[in-house]
Structure formats: structure tokens, C-alpha cells
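I opened this entry to record what I looked up in the structure. My notes follow in the order in which I made them.

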Amino acid sequence: MQGNPTTPVPTLNTALRRDRRGEPVDIDAFLSEPGRSDATNDVRKLIDKLDIQYIYVQFVSVTGRVVGKGMPASRWEDLAARGVQMVYGAVANVATDRRGRYLGYGPEASELIAIPEPETFAQLPWDGRVARVFARLFRNREEDENPGAALSSDCRGNLAQQHAAFADRHDMRLRVGTEPEMMWLRRNADNELVGVSKPYCYHVDQLEELRDISMRVLTYGRALGLDMIQGDHEDAPGQLELNFRFDDPLRNADRLITYRQICRQVAREFGVIACFMTKPFPGLSASGCHHNLSLWRGGDDETVPMETETTVPGVRHYRTGGVNLLTEDRAAGANPLQLNDIGRRMVGGVVTHLPALTALAASTVHSYRRLWDTGFWAPLTAGWGFQNRTSAVRVSAPDRVEYRTADSMVNPYLMAAGLLAAMDDGLTGNLDPGPPSSANSYDSTPDPRPTLPMNLGAALTALDRDEVLRAALPGDMYRVYTAHKRDEWERFLATTSEWDFDFYLDYVS
């Protein structure tokens, strides 16, 4: 046993400290949220019941990397009350730019405080001695400026704040379903990367090739709260898409991160490579991460049952019920190729901000291989249509809208925050998306509609010029994210590759 379930959770203060406006300091308000003490005690009971020895306290950097610290489970109560400290640069992978300067924050900066969220606590199914918990990030209490404030470069915390503000303004909430395409690869005798299976779309025999791998992913997914619903073999080597149920954007983002961690673990167990790189094979389909969006009013949390409790209930909560506002006021037999007013304004906001959204959706230099290699189902035009997969926005059914530009390396927290900002602008400003397109943008006939930004530099320029999308990355977030991405773009431009030798070695001979 790791401790006494009745041990009271230690607290730092008996009264909330307040900032200059008289509001509770963010970190104290977070620690004093109703139900937190009970949730912390529930985690202790689970630790003792399952004999958990160690806890990963994790969050996600601006590039989507999972970072954090480990701590003995015997220290859970202290961890829940005080958190752990890490350098501010952890949100930027503690990385330097190509000139050797630290990205985001230098060594002179203070340390952030990562406070665990008990409702995300879960035992790791591949090693029951270890559990994980997601954390919310705050500025250090000893900072001269905004001590104890929410850290604005925390992409998880930022999404939680953005969604709460959106819900308050519009009396509706977003639900998101993501399609996490990825590839299972191995190295052949010549050390070349090849797929574990062949590039045959929907081919059941290829599912059989990957059956042991996919069944292990499904088993771990269920144990970590992923309500798996369907899956298929896509049309690239070793390419699987295993889907889980849609939900609140923060929980959906947490589950996508969890899914990636599961795949990396399964890859270790089978001696293969779980590849989330967007387009490893030219001339074959890339891996996207389509975001399916719907707006709701009302609903309740449903808890997916487990035979053996290895997570707190919050990990298995899914939002269900309520009114889907994209289908509200639609008469029986209504034209499926027509949006209602909320759908029109929602799509109008996303279409208006498509160029800037691309900097979040196609967030790497490599992402644009997917857009340039046309004809493989990736979006190309900055427009929308009903069932038109060559457009960035596809109305795939009357009850949801699919944003198609996001790829397999997307940071889901930043992506959801950007989409919320775009939809907020559409709803508030009554933005019209213009007419839908049914044209195939891959045809040789020039499409009059504008294309998306076609490289990372152009996408970052579009983000710079879009005040609405910039506001979705408030405070330090915009500075840290764009510094990281501009450095990536500059590194690419400054690098001599094999392509350069192939194309230019005999250029003037």
C-alpha cells in the first residue's frame, strides 16, 4: 500500500491569494476548484488498489511532443497540492534555434509549475506499476510579473480557456472527432523503410497482416479510456486508421496524444516503427488527421464502463445527448446540400481563416509534401464543398463539418483552439462561406479558387496577418510557437539535401 486513502490533501494556503484586480490567483483558483479534493483522494484509492509505484506527470509542448517528469506514487498528495517544477523552455522542447539560442525561454527564465489534473489519472496497461496524469501549467509563484498566473504557452490550458470562453459567448460547445491516420513501418534487409503491409485500401488481408499490432493498440486504448469505434487499412504501406468516439475538444486532444503514446509502445513491443510522419513515401497517400466538428447545446457526460477499474472515471467520460445545432431547425426531408444558419456561419468562419489555420494544421516543413503531391485525397483549395475532398472544408453529413488540412503531426490543442477562434469569428460576424464547390481541384483545368499556403513559410506569414487566429495563441504562446516554426523553416532553407546534388551537381556542365 502506498498511503492511507483518508489522508487529507495538503494545501498551501487557507485563503486564496488575489491579484491586482481582486481575482483569485490562477494557480490557487485551480487548486481550489470544487471537487478537486475528492478527486485527489479517489486517485489515492486507485493507487493503493492497483499498487501503482510511479507516476508520469505529462503535458504537451507546442510541437505536440509529450514532456514531463516522473514521481513516486507515494508522493501523490504532495504532487497534487504543489505540482512539479520544470524550466519554461519545456513547452518548446528545451531546444535551441540554429544559432544556438534557446527557443521561447532562455536559461535566465524562471520555472513553470505543472499541477496534475486528477480526472486524467490512468494506469499504463503495459506496465501496471506506472500511471500517467496530464498537468495544467502555471507561472512560478515567485515571478515579479503575474505570479501564479496560468502559463499562456501551455497549449492544453489555453484550449480549456478558449473553449470555456466560446461556450460562454455562444451558449454552445464544440465536439471534435479526429481521424488519426498513421503508418506501421519496418526496415528491410537494405535498411530501407517499408510498410508492414501493402498499400491496398480497405483490404481485409492487409488488416490481417496488422492484426496482432492493431489488436494490441485496441486493448491498450480501451484500458486508457479510448472508446474505439471503427478502423480500416488506408491506401499507403502499413497505413491504419483506428478511430475513437468524438467528444469535448480537450478530452479528444488528450486521447489523440494518448493514442500516439500507445502506438509508440506497441511499436517497441513488436519491433516495428509507429510512423506519424505525414508523407514518408512519394507517390503514395499521406497521413492526415481530419477534424470532424459539430456544435452542441446541452448534453451530459457518459462514463464508458470497464471490467477492471484502471482509470478514474473522468478518463472515460464522453459528452452525449443534447441538441446538435447543425441540424436544428432542419425539416424532415430538407436538402442535405444546404447548411442551416449556424452551419453557414460556422463554415464561413473556418473558410475565412483557412490560410492562417494552415500554419497550425500543416505545422511542419514536411507537411507540405502532402499538399504538393496532388491526386492523393489531400485538400488543395482554400474553399469548401459538400463531399468534396479536394477542398479544405468538407460538409460530410448534415450533422458535422470536416476540416481536412490537419495532418498526422498536428498539435491537436493548438488546432482546436484555432478552429474555435475561426468559428467564433464566423458566428459573431455572420460570415458567409460563399458558394460550395463540386469541382475536382486535381483536374488539369485551372481551379479559380485560391489554394492553401503551399509551404510553412507562407503559412506562417498568413498567421502573422490574421489577428483573429493570432488571438487564439495568446500571451507567450504565439511568440513561442512561431519562433519554433520559423527556426524549422530556416533550417530547411539552409540545408543542402540529396535533392540538391541530384538536381544541381551537373547544372552548368
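Predicted model: local features only at pLDDT ≥ 70, side-chain atom pairs only at ≥ 80, totals over all residues.

Beyond its neighbours within four places in sequence, F121 is in contact with V43, L46, I47, I52, I55, A131, R132, V133, T311, V312 and V315.

I then looked up a second, separate core, which has 6 residues, V25, I27, I113 and F138 among them.

Next I went to the largest nonpolar core, which holds 122 residues. F121, W184, Y259, Y403 and M423 are the residues with the most contacts inside it. I noted that helix α11 (residues 412-429) supplies the largest share of this core, 10 residues.

**Domains**

I checked how the protein chain is divided, and found domain 1 (26-153) and domain 2 (162-474). The centres of the two domains, taken over C-alpha atoms, are separated by 27 Å. I also looked up the contacts across the boundary: 22 residues of domain 1 are in contact with 22 residues of domain 2.

**Helices α4 and α11**

I turned to the pairing of α11 with helix α4 (residues 155-170), whose axes come within 9 Å and cross at roughly 20 degrees. Angles under 35 degrees count as roughly parallel, and α4 and α11 are therefore roughly parallel to each other. I recorded the crossing of α4 and α11 as left-handed.

Which residues meet between these two helices? On the α4 side I listed C155, R156, N158, L159, Q162, H163, F166, R169 and H170. They meet Y413, L414, A416, A417, L420, M423, D424, L427 and T428 in α11. M423 is also one of the residues with the most contacts inside the largest core.

**Helix α9**

I asked how many residues of helix α9 (residues 354-361) are buried. The count is 7 of its 8 residues, and the helix is mostly covered. The buried residues are L354, A356, L357, T358, A359, L360 and A361.

**K198**

My last entry concerns K198, which I placed in the loop between β9 (193-195) and α5 (204-209). Not counting residues up to four places away in sequence, K198 touches Q206, H233, A236, P237 and G238. For K198 and H233 I noted a separation of 35 residues in sequence and 9.5 Å in space, C-alpha to C-alpha.

Terms used: Residues numbered from 1 in each chain as written. Heavy atoms only, no water. Core = buried A, V, L, I, M, F, W, Y, C linked by side-chain atoms within 4.5 Å. Buried < 20%, exposed > 50% of the residue type's maximum accessible area, 1.4 Å probe, protein only. Helix = DSSP H or I, 4+ residues; strand = E, 2+ residues; numbered from the N terminus. Contact = heavy atoms within 4.5 Å. Axes fitted to C-alpha atoms, helices over the stretch in contact; angles between N-to-C directions. Parallel < 35°, antiparallel > 145°, perpendicular 65-115°, else oblique. Left-handed = near helix turned anticlockwise from the far one by under 90°. Domains from an automatic or database assignment.
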